[in-house]
Amino acid sequence: MYREYLQDQEKINFKFEQTKEDFIVDENPRTFSGKGNYIILRVQKTEMTTWDMVAAFATYLNIPSEKIGYAGLKDKHATTTQYISIEAKYEKALKKFKHPGIKILKTTRDKYSIRMGDLVGNRFSINLFGVSPIDAGRIEKRARKIAKDGLPNYFGYQRFGRDEDSIEQAKEMIAGELFIEDAKLKKFLLSVYQSERFNAWLRERVELSRTENNGKFLLLEGDVYLSNEGKLFTPKKIPQRDFEEHKVVPTGLLCGRNVYRARDKAGEIEKKYDDGFIYEKGSRREAVIFPSDIKLDYKNNFDILNISFTLPKGSYATVFLEAIANKNFKAQMGKAKRR
C-alpha cells in the first residue's frame with residue numbers, strides 16, 4: 001500500500017544502502033539499576049538478525065533462547081547496537097564469549113529481565129548517496145520541518161516482507177482460507193494484518209490533513225490520545241496546543257479485543273479499518289511521531305549526506321526518509337552507487 005505524507009512537495013532523489021557501513025542503529029534503553037540477578041549486555045552485531053544473535057548466545061551457554069531477554073528486533077543488513085539480559089549466574093562464562101558478528105561492548109546489572117518494547121527509542125545514522133549541494137539543503141529543511149510538525153508513523157516496507165507477500169497470507173489466514181500451525185508465524189501474520197489496516201487508516205487521515213489542514217495532521221473529535229505519561233484518553237475538547245507542544249499524540253487502532261476505540265468523527269473513519277472478529281488483544285499506536293536530535297554532515301566531494309536522528313520505539317527510519325524524499329521506497333530497492 002502506498003504511503004502518503006503530509007507535505008506534497010517535489011520529490012528529492014537520493015539512495016541509501018542497508019549495509020553495516022551505511023546504516024547504523026543504536027538502541028536507547030530504559031534505565032538500569034546496576035544491581036540485581038540479571039546481567040545486562042550492550043552488544044553490537046553486524047549482518048545478523050536479532051534472533052540469530054540471541055541464538056548464538058543461547059547455543060554458547062546451552063540454554064533456551066527464551067531465557068535471553070531483548071527489547072526489539074533490529075535490522076540484519078546494518079550495524080546495530082542493542083541490549084540483552086541473561087541470568088547473572090552466566091556472567092563468568094560470558095567473559096570468554098567470542099563471535100565474528102557480535103561484540104560485547106559493556107555490561108551492567110538489573111533486577112529485571114529485558115522484555116519486548118522495554119526501550120525508549122533508537123538512534124540512526126544513515127548515509128544518503130547522490131545528494132547534490134542544493135538537495136542537501138532541501139533535505140535539511142524538510143527534515144527539520146517534519147521534526148516540528150510531525151511524521152505519520154506508518155509501518156515501513158520491512159514489516160510486510162519482500163513484495164509484501166505476507167499481507168496476502170495474513171488476509172487468507174484471517175478469512176479462514178489458510179491454516180497456519182506454527183504459533184510464531186500465526187502471531188507474525190496477525191501483526192502484519194493489523195499493521196496493514198493501521199497504514200490504510202493513517203493514509204486516509206493524512207489525505208484528509210492535506211486537503212483540510214494545509215499539510216499539518218488534522219485532529220478530530222473523538223480521537224484517542226497518548227500522553228507523555230503513557231495514558232490513553234479521549235478529551236472533551238481537541239487538545240491542539242498540547243499536540244503542538246508534543247505533550248500528547250493521536251493514536252490509531254491495531255484491531256483486536258479489549259482495546260480503547262475512537263468515537264465521533266474519528267470513530268467513523270476508524271470503523272472502516274476495524275475488525276471485530278480478531279480474537280487476540282488489540283492495542284493502539286501513535287499516529288504521529290516527532291524525530292529529534294537531527295544532525296547532518298555533507299561530504300561535498302562525494303555527494304554523500306550523513307543524516308542522524310532519534311525516533312521513538314517501534315518507528316521506522318525508512319518512513320522518515322520517505323517523507324523527506326516524498327516517495328516510497330521498496331524492500332527490493334537496488335544498491336546505491338557511490339560516486
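**Exercise 1. The second largest pocket**

What volume does the second largest pocket have? Work out, too, which residues and helices line the second largest pocket.

*Solution.* Keep in mind that this is a predicted model.

- Step 1. Start with the volume: the second largest pocket comes to about 280 Å³.
- Step 2. Now turn to the helices. At least two lining residues come from helix H4 (165–174), and at least two from H5. With four residues, H5 has the largest share of this lining.

**Exercise 2. The largest cavity**

Find out how many cavities of 30 Å³ or more the model holds, and describe what surrounds the largest cavity.

*Solution.* 

- Step 1. The count is three cavities of 30 Å³ or more.
- Step 2. For the largest cavity, the volume is about 130 Å³. Its lining is made of 13 residues, and the closest to the centre are Leu6, Gln7, Ile146, Gly150 and Ala323.
- Step 3. Two or more lining residues come from helix H3 (133–149), and likewise from strand E8 (151–152). H3 gives the most, with four residues.

**Exercise 3. The nonpolar cores**

Pick out the residues that touch the most other members of the largest nonpolar core, then follow Phe309 to its contacts.

*Solution.* 

- Step 1. The largest nonpolar core has 72 residues. Phe14, Ile126, Leu128, Ile307, Phe309 and Phe320 touch the most other members.
- Step 2. Helix H5 (residues 183–212) contributes the most to this core, namely 10 residues.
- Step 3. Set aside the neighbours of Phe309 within four places in sequence. Its contacts are then Asn122, Arg123, Phe124, Ile126, Ser292, Asp293, Ile294, Ala317 and Phe320.
- Step 4. Another core, of 19 residues, lies apart from the largest one, and includes Met53, Val54, Ile84 and Ile86.

**Exercise 4. Strand partners**

Determine which way strand E2 runs relative to E7 and relative to E5, then work out the strand order of the open sheet that contains E9.

*Solution.* 

- Step 1. Strand E2 (residues 23–29) and strand E7 (residues 119–129) run antiparallel, joined by seven bridges. To see one of these pairs, go to Asn28, whose bridge partner in E7 is Gly121.
- Step 2. With strand E5 (residues 79–87), E2 runs parallel, and three bridges join them. Here Val25 stands opposite Thr80 of E5.
- Step 3. The open sheet has four strands in the order E10-E9-E11-E12, paired antiparallel. Its edges are strand E10 (232–233) and strand E12 (283–286), each pairing on one side only.
- Step 4. Inside that order, strand E9 (residues 225–227) and strand E11 (residues 248–254) share three bridges in the antiparallel sense. Tyr225 faces Pro250 in E11.

**Exercise 5. Where to read with care**

Locate the stretch where the pLDDT is below 50.

*Solution.* 

- Step 1. For the protein, the mean pLDDT is 92, and 96% of the residues reach 70 or more.
- Step 2. The stretch is residues 332–339, where the pLDDT is below 50. In the model this stretch has 18 contacts beyond near neighbours in sequence.
- Step 3. Where pLDDT is low, predicted coordinates should not be read in detail.

Methods: Residues numbered from 1 in each chain as written. Predicted model: local features only at pLDDT ≥ 70, side-chain atom pairs only at ≥ 80, totals over all residues. Heavy atoms only, no water. Core = buried A, V, L, I, M, F, W, Y, C linked by side-chain atoms within 4.5 Å. Buried < 20%, exposed > 50% of the residue type's maximum accessible area, 1.4 Å probe, protein only. Contact = heavy atoms within 4.5 Å. Pairing = 2+ DSSP bridges. pLDDT = per-residue confidence, 0-100. 1 Å grid on protein atoms, 1.4 Å probe; cavity = no way out; pocket = protein on both sides within 12 Å on 5 of 7 lines; lining within 4 Å. Points joined across faces, edges and corners; volume = space filled by probe spheres on them.
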